[in-house]
Every structure is written in structure tokens, then in C-alpha cells.
Amino acid sequence: LVVKALGRERAEVERFGRACEGKTTNEDERPAVSEVIPDVGFPVEVISKNDADVFINTVKTYDTATALAPFAHLQPAIAFSVQNGVMKEEALAARFGEAALVGCMADFSGELCDDGSVAFTRNVCLHLGEPGGGLSERVGTLAAALDAAGIVTRQSDAVMEVVWSKY
């Protein structure tokens, strides 16, 4: 587990560690994710490995440039962002290349609690897909793995339409 936290979130994680508790169920009545993530200590600044299977950008949109800068050396097979907005794919493509890019629209949420834990409060669907449309084995495999881990995930053959539909 590698965590890159910025600003207030970093201070909270340094102070309290990390915990994630599911407090809701999703549409198909499966329990939401409920897990305590062990503290790996700080500072965790840069992954030293030059490649990664999957890079998931989870910071707020206004922190994108700062968050991506330390990872210029990475060459992930897949990169996607759970951020809101329609510009996030461009930022990832610029950093990691078009070939790594997977489009995403996250219909889930969480909140940072006063004690430093994270409440996973909504688990409706993480939509993943090829930015140009269509289905692929790589996105299907990723979607199945995330879904099996408890994050409701579906592959979309028109993910960019799904991204735009959120607005």
C-alpha cells in the first residue's frame, strides 16, 4: 500500500493513520467495503519502482498537478482517476500516455471523519472504460477485480458519455 496525501488530509493521516469503514450498502444489497488499512508510516513521497500495474488518482481536482508530479517516472499499464470533472483524463494522458488511460466515473463517496478514519458512505458504481469506446479485456479484468474487492464496478462501452452525464 502506497499513499500520497496532501495538505490537511496528509496531516490527518499522519496524526491518525488510516481506516476505512463501510456504512452503507449498494444497489444490489452487498455490504459496502469495510476494512482497516494498516499504517505504513510517513513520509511516503515517491514509489521507487519504475512501473506499476494500475495507478489510481484520488486527490481533489485542484491538487492534480501537485499529486502527479512525483510520479513522472512511473509507467503504469493502466491509469485512471476517480476525480470529478472532464479534464482528469487529459492530465493522466499527459503524465502517463494515452495507452495507459482508462476513463472513469465514480458514483461513490466517502468522508474524512474527525478521528482520521474514512467513512465509505456510498458504493453505487465505479464506471470504467476505454476512452475511445468499446469493451476491452484489460478494463474487464480490472473491473472484475475491483468489484470482487467490494467496490461495485462495471465496464462501460461508452465511458466518456457516462463521465459527461454526471454533469
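Q: How far does the backbone nitrogen of Val-139 lie from a polar atom of the side chain of Ser-136?
A: In this predicted model, the separation between the backbone nitrogen of Val-139 and a polar atom of the Ser-136 side chain is 3.2 Å. The cut-off for a polar contact is 3.5 Å, so the value of 3.2 Å lies within it.

Q: What makes the pairing of the side chains of Ser-136 and Glu-130 a polar contact?
A: The two side chains are 2.6 Å apart at this contact. A pair of N or O atoms must lie within 3.5 Å, with one able to donate a hydrogen and the other to accept it; the distance of 2.6 Å is therefore within the limit.

Q: Why is Ser-136 called buried?
A: Its relative accessible area is 18%. The term applies under 20%, so Ser-136 qualifies as buried.

Q: Where does Ser-136 lie, and which residues does Ser-136 touch, not counting residues up to four places away in sequence?
A: Ser-136 belongs to the loop that joins β5 (118–129) to α4 (137–148). With residues up to four places away in sequence left out, Ser-136 touches Glu-130 and Gln-155. Ser-156 is 20 residues from Ser-136 in sequence, and their C-alpha atoms are 9.6 Å apart.

Q: What makes up the largest nonpolar core?
A: This core has 11 residues, among them Phe-80, Leu-126, Leu-128, Val-139, Leu-142 and Leu-146. At least two residues come from each of β3 (78–81), β4 (103–112), β5 and α4, and α4 gives the most, with 3 residues. Membership requires buried residues of nonpolar type joined through side-chain atoms within 4.5 Å. In soluble globular proteins, nonpolar side chains tend to be buried together.

Q: Which residues does Leu-146 touch, not counting residues up to four places away in sequence?
A: Leu-146 touches Phe-80, Leu-126, Leu-128, Ile-151 and Thr-153 on that basis. A second, separate core holds 10 residues, including Phe-55, Leu-74, Ala-93 and Leu-101.

Q: How many helices and strands are in the chain, and what pattern does the chain follow along the sequence?
A: The chain has 5 helices and 6 strands, arranged along the sequence as α-β-β-α-β-α-β-β-α-β-α.

Q: What do buried residues make up in the chain, and what do residues 24 or more positions apart account for?
A: Buried residues make up 42% of the 167 residues. Of the contacts with a separation of 6 or more, 59% join residues 24 or more positions apart. The chain exposes about 9,200 Å², and carbon and sulfur atoms supply 53% of that area.

Key. Residues numbered from 1 in each chain as written. Predicted model: local features only at pLDDT ≥ 70, side-chain atom pairs only at ≥ 80, totals over all residues. Heavy atoms only, no water. Buried < 20%, exposed > 50% of the residue type's maximum accessible area, 1.4 Å probe, protein only. Contact = heavy atoms within 4.5 Å. Areas by Shrake-Rupley, 256 points an atom, 1.4 Å probe, with all protein chains shown as cover.
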